[in-house]
Amino acid sequence: MTSVDILLPTYNRLESLIMTLTGVAAQTIRDVRVIVADQSQEPVTDSQVVQTLGRVITARGGSVEWYYREPMHGIAEQRDFLLKQSTARAVLYLDDDVLMEPWVVERLLDTLDSEHCGFVGAFPAGLSHLDDVRPEQQIIEYWDRPVSPEAVDPGSAQWERWQLHRAANLYHLAQSVPCDALPRLYKVAWIASCVMYDREKLLEVGGFSFWPRLPRYHSGEEVLVQNLLMRRWGGCAILPSGTYYSQVSSTVLNDAGTVDGHALDLLPEMVERYSRMAPTVKTTT
């Protein structure tokens with residue numbers, strides 16, 4: 001069994017996907033299993049460059065599986081499908097617009113193993129904001145003790161942790177911290193785009209099996225599962241993240257540029273369902 005299954009949904013982002021796969025191919029951890037769920041209008045495997053990157057990953061000790069999927073039900077269904085294909089103890093959900101530095105997967109796995117938490121993320125920077133410094137949004141809460149369960153409710157003061165994940169805030173903050181103080185783990189409200197989960201823990205809160213209850217165009221599916229995981233096992237992110245956005249347009253929005261529903265609408269009932277199996281945690285308000 002491989003150390004990590006990298007779960008990669010993609011839709012009409014060939015150039016960006018090539019960037020993402022290049023980062024995967026260069027990882028210090030080589031025994032990865034990459035599972036691609038493709039819903040593009042033109043299958044990504046038609047690209048010679050994509051095929052070559054798949055061969056590089058395989059030649060370095062990993063493997064790649066390609067699934068071309070129809071019809072489209074939205075990103076939560078894609079994540080549910082990918083989770084059902086996975087077998088590794090750690091699964092990395094990697095979006096098709098993220099470039100990872102070579103050490104990222106190894107550091108995420110080491111953190112997941114040492115902290116025994118539900119997930120650990122590496123939030124990407126948008127470097128078009130390199131000169132857009134926002135100190136008022138660079139408020140960070142470090143984990144100076146082992147990662148532990150916490151309940152971060154929508155609307156709470158801690159919910160505003162998401163502000164750190166705007167523009168290039170996290171990148172700027174990492175540049176201001178002395179090198180001998182890095183890496184650091186910090187607290188999150190949620191984290192997107194490059195998130196490693198303990199697969200068994202993710203399954204214990206239902207994974208993404210709620211997808212049939214969401215409209216085709218939705219968001220917040222990872223926000224929901226991470227909130228549930230934090231309540232039972234805690235979650236965190238790494239600084240520096242070593243990840244960067246390609247900054248291409250979103251593919252999860254409807255024609256009006258919005259969504260028709262948010263997975264967090266399901267949070268109260270999901271908390272009730274899974275809290276029966278969880279230890280009591282202090283609600284952060």
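What you're looking at is a predicted model, where local features need pLDDT of at least 70, side-chain atom pairs count only at pLDDT 80 or more, and totals for chains, interfaces and linings use all residues. Residues are numbered from 1 along each chain as its sequence is written, and side-chain values use heavy atoms, with hydrogens and water left out.

**The sheet**

- Eight strands make an open sheet in the order S3-S2-S1-S4-S9-S6-S11-S8, with mixed pairing. (Strands are DSSP E runs of at least two residues and helices are H or I runs of at least four, both numbered from the N terminus; two strands pair if DSSP finds at least two bridges between them.)
- At the edges sit strand S3 (63–68) and strand S8 (184–186), each pairing on one side only.
- From one strand to the next, the twist averages 25°. (Angles run from 0 to 180 degrees between N-to-C directions, and axes are lines fitted to C-alpha atoms, for helices over the stretch in contact.)
- Strand S1 (residues 4–10) and strand S2 (residues 32–38) pair in the parallel sense over seven bridges; valine 4 has valine 32 of S2 as its bridge partner.

- Five of the five residues of S11 are buried, so S11 is largely enclosed by the rest of the structure. (Buried means under 20% relative accessible area, exposed over 50% and partly exposed in between, with a 1.4 Å probe and protein chains only.)
- Gly235, Ala237 and Leu239 point one way from S11, while Cys236 and Ile238 point the other way.
- S6 and S11 run parallel, joined by three bridges, and phenylalanine 119 stands opposite glycine 235 in S11.
- S8 and S11 run antiparallel, also with three bridges; here tyrosine 186 has alanine 237 of S11 as its bridge partner.

**Helices H1 and H2**

- Helix H1 (residues 14–25) and helix H2 (residues 48–59) pack at an angle of about 15°, their axes 9 Å apart.
- H1 and H2 are therefore roughly parallel to each other. (That label covers angles under 35 degrees; over 145 is roughly antiparallel, 65 to 115 roughly perpendicular and the rest oblique.)
- Residues making the contact include Leu14, Ile18 and Leu21 of H1 and Val49, Val50 and Leu53 of H2. (Contact means heavy atoms within 4.5 Å.)

**Helices on the sheet**

- H2 lies across S2 and S3, running at about 145° to S3.
- Helix H4 (residues 104–115) packs on the sheet too, and S1, S9 and S11 are among the strands it touches. The direction of H4 makes about 35° with that of S9.
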